[in-house]
Number of protein chains: 2
Amino acid sequence: MNFCPHCAAPVVQRVPAGDDRPRHVCEACGTIHYSNPKVVAGCLPVWQDRVLLCRRAIAPRHGLWTLPAGFMENGETTQAAAERETREEAMARVAVGDLYCYLNIPRISQVYVIFHARLLDLDFAPGAESLEVALFGEHEVPWDRIAFPAIEITLRHYFADRVTGVFPTRVLDVERRAGA
Amino acid sequence: MNFCPHCAAPVVQRVPAGDDRPRHVCEACGTIHYSNPKVVAGCLPVWQDRVLLCRRAIAPRHGLWTLPAGFMENGETTQAAAERETREEAMARVAVGDLYCYLNIPRISQVYVIFHARLLDLDFAPGAESLEVALFGEHEVPWDRIAFPAIEITLRHYFADRVTGVFPTRVLDVERRAGA
C-alpha cells in the first residue's frame, strides 16, 4: 500500500498510538489501514471410496492437484464458500457436512477451513480454473503432485481416519514445506 | 475505497473479466482490490466452574460483557491470536485448548473462532480495552448484557455442554439479533 484508499495521500508505516505493531497510516486523513489473514474455504468431496481432486489451470502451482477451495467472500458463510468453490472449480454439486480440518498458515497469513462433503452426482467437469477433475482412491492420489501442503495434510488425515471411521475436527499449523 | 492504494488513481466498482461480483478496480494500473471476511479469534477461559468475561471499554457495545476476542493479525495462528487477545483485554494467561465454536456472521463478513482455554492463575485485571474483568458462574453471567450474539451463543452452548461433559466442535451461523 502506497496511497490512502480514502483520500489518495501517501501512507506511512508506523505504530499507531495504543497499538503495538506497524500499520499503514494516512497522515492526511488519519485513517489506519489494517491487513488481516484471509480464509480459504474448501471441502473434501467424497463419492464411495474416492475423493474429488482438481488439477489447477492457474497460478500458483499450475498443473498440480488440489481439493476445491478458494478465498471466502464477504457476505457468505464458510460452507457456502466451499460449495461455491466446488461448483466453480469442478462444476460439481456437493452436500457440505461437518468441519474437518482447520489449518493455520501464518507464513502467508491464511487459514484453510475444509469441510467434509458428499458428492451428489457424477456430473462434474473442469471449471475455468481447472485443467482436469477426477476421482481418486487412496492409492491413486498423485501424492507427489499435490498443490499445497494444507491439502496434502488434509488428504493424509482423511485416509488415515477412514481406517477407524472416526473423523475428529483437526486444528493444525502448516509450516513451510521442505524445498518450497 | 475511493482511490487505488497502489497508484492513487480513482477506483471504480465493476465486475472484472472472469469474475462474477463487483470489485474495486483501478482503471489506471489495472489492480483489482479484493475485500474478504475477517477472523475474530477468541477463547473461553475457565477457572473451576467459572468463566472469565471482560466488560468493554471501547465501541461497539461499550459497557457490555464479552469473552476475550479480537481480530486475528497477519503472521500468527488463530490460537496465538486468542492468547494475545486474552493477555491484552484481561491481562490473563491461558492455556488455549481445542476449537470449540466456529461462528459465521455473513451480515458483517466475520468469522468468530473460539477455543477452549484454561486460566492459568487468578492474576488478571482490565487491559486498556476493558472496564472490568471477572469470573462468572452460570447463574451469575449477565445474560442481558452480553456484547455480541456470537459470544452469547458460545456461552449458552458451553453451559449446556457442561451438563454432559462433552463439548463437540460447533459450527454455527449467527443471524441478526432481534432488535439489534
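Mentor: On a 1 Å grid over the protein atoms alone, a cavity is a set of points where a 1.4 Å probe fits but cannot get out, while a pocket is an open set with protein on both sides within 12 Å along at least five of seven lines; a lining residue has an atom within 4 Å of a point. Before the case itself, some ground rules: this is a predicted model, where local features need pLDDT of at least 70, side-chain atom pairs count only at pLDDT 80 or more, and totals for chains, interfaces and linings use all residues. Residues are numbered from 1 along each chain as its sequence is written, chains are lettered from A and ligands numbered from 1 in the order in which they are written, and side-chain values use heavy atoms, with hydrogens and water left out.

Trainee: Which residues line the second largest cavity?

Mentor: They are B:C54, B:R55, B:R56, B:I58, B:T66, B:E89, B:E129 and B:S130. Its volume is about 40 Å³, where a volume is the space filled by probe spheres set on grid points joined across faces, edges and corners. Strand β5 (residues 50-56) of chain B provides the largest share of that lining, three residues.

Trainee: How are helices and strands picked out, and how many does chain A have?

Mentor: Both are DSSP runs, numbered from the N terminus: helices are H or I with at least four residues, strands are E with at least two. Chain A has two helices and 11 strands. Starting at the N terminus, the order is β-β-β-β-β-β-β-α-β-β-β-α-β.

Trainee: What lines the largest cavity?

Mentor: Around it you'll find A:C54, A:R55, A:R56, A:I58, A:T66, A:E89, A:E129 and A:S130. For classes, Ala, Val, Leu, Ile, Met, Phe, Trp, Tyr, Cys and Pro count as nonpolar, Asp, Glu, Lys and Arg as charged, and the others, Gly among them, as polar. On that basis the lining of the largest cavity has two nonpolar, two polar and four charged residues.

Trainee: How does chain B sit relative to chain A?

Mentor: To compare copies, we superpose them by least squares on the C-alpha atoms of residues with pLDDT of at least 70 in both. Here a rotation of 180° with 0.0 Å of shift along its axis puts chain B on chain A, with an RMSD of 0.0 Å. That's the relation of a two-fold axis. The same surface serves both copies, since 100% of the contact residues of chain B recur in chain A; contact means heavy atoms within 4.5 Å.

Trainee: Is A:T77 buried or exposed?

Mentor: Buried means under 20% relative accessible area, exposed over 50%, and partly exposed in between, using a 1.4 Å probe and protein chains only. A:T77 is at 14% relative accessibility, so this residue counts as buried. A:T77 belongs to the loop between β7 (69-71) and α1 (78-90) of chain A. Leaving aside neighbours within four places in sequence, A:T77 touches A:M72, B:N104, B:P106 and B:D173. For chain A, buried residues make up 47% of its 180 residues.
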